[in-house]
Amino acid sequence: MERTLEDLTAIDDKLSKRHIDLDPGGYFIIYLDREAGLICAKHYTNAIDDRGLAVDPETGKPIPARGKVQRTSTTLYRGRTAKEICIEIFEQEQTCPVTYLDHAAYLGREFVRAEIALVNGQEYVQD
């Protein structure tokens, strides 16, 4: 069966709307530093409350999913390729900041998307 790009995009769009449990190890904000030719990921810690919401560990207040949030990242990871940044996060750290396998898989997918955008000069927006 042959699938079109539109078919594959529709599958991914639908899957992006599914529920996933948040990783108590924290979350990442991924962006491109085009001038340096790097994929960057800022890691932020969080706690998960009894409702399943990510909360600021210092204030206990929920972290909004949209909009600007003034928080300080714990670590900045950088790589020229998706593989390089994954190795930095998953193999170079003494304690890996990712504790859920689905979160690790998500990050791998996002880093590949970011690498493609970097190479092709396209806009990258984290899913």
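Leaving aside its neighbours within four places in sequence, which residues is Phe-111 in contact with? The legends below take up this question along with several other close-up views of a predicted model.

**View 1. Phe-111 and its contacts away in sequence.** With neighbours within four places in sequence left aside, Phe-111 is in contact with Ile-30, Ile-39 and Ala-41, and also with Ala-82, Ile-85, Cys-86 and Ile-89. Phe-111 is one of four residues, together with Phe-28, Ile-30 and Ile-39, that touch the most other members of the largest nonpolar core, a group of 18 residues. Strands β1 and β2 and helices α2 (82-90) and α3 (101-120) each supply at least two residues of this core. Helix α3 gives the largest share, six residues. In soluble globular proteins, nonpolar side chains tend to be buried together.

**View 2. The hairpin of β1 and β2.** Here β1 and β2 run antiparallel and are joined by seven bridges. Four residues lie between the two strands, and Gly-37, in the turn, has a positive phi of about 70°. Have a look at Asp-33 too: this residue stands opposite Leu-38 in β2.

**View 3. Two aromatic pairs.** A search of the whole structure finds two such pairs. In one of them, Tyr-27 and Tyr-44 are stacked, because their ring centres are 5.1 Å apart and their planes are at 10°. This pair links distant parts of the chain, with Tyr-27 in strand β1 (residues 27-33) and Tyr-44 in strand β2 (residues 38-44), 17 residues apart. Tyr-44 has a relative accessible area of 10% and is therefore buried. Phe-28 and Tyr-77 make a tilted pair, at 6.1 Å centre to centre and with 45° between the planes. That pair also links distant parts of the chain: Phe-28 is in β1 and Tyr-77 is in strand β5 (residues 75-79), 49 residues apart. Both partners are under cover: Phe-28 counts as buried at 3% relative accessibility, and Tyr-77 is buried with a relative accessible area of 1%.

**View 4. Cysteines without a disulfide.** How many disulfides does a search of the whole structure find? The search finds zero. For Cys-40, which is in no disulfide, the nearest cysteine sulfur is that of Cys-86, 14 Å away. Cys-40 counts as buried, because its relative accessibility is 2%. The sulfur of Cys-96 is 10 Å from the closest cysteine sulfur, also in Cys-86, and so is too far for a bond. At 28% relative accessibility, Cys-96 counts as partly exposed.

View 5. The C-alpha trace spans about 50 × 35 × 30 Å along its principal axes. Of the 127 residues, 28% count as buried. Among contacts with a separation of 6 or more, 53% come from residues 24 or more positions apart. The chain exposes about 9,100 Å², with carbon and sulfur atoms supplying 52% of it.

Key: Residues are numbered from 1 along each chain as its sequence is written. This is a predicted model: local features need pLDDT of at least 70, side-chain atom pairs count only at pLDDT 80 or more; totals for chains, interfaces and linings use all residues. Side-chain values use heavy atoms; hydrogens and water are left out. A disulfide is a pair of cysteine sulfur atoms within 2.5 Å. Buried means under 20% relative accessible area, exposed over 50%, partly exposed in between (1.4 Å probe, protein chains only). Rings of Phe, Tyr and Trp (its six-membered ring) pair if their centres lie within 6.5 Å; planes under 30 degrees apart count as stacked, over 60 as edge-to-face and the rest as tilted. A nonpolar core is a set of buried Ala, Val, Leu, Ile, Met, Phe, Trp, Tyr and Cys residues joined through side-chain atoms within 4.5 Å. Contact means heavy atoms within 4.5 Å. Accessible areas come from the Shrake-Rupley method with a 1.4 Å probe; for residues, only the protein chains shown count as cover. Two strands pair if DSSP finds at least two bridges between them.
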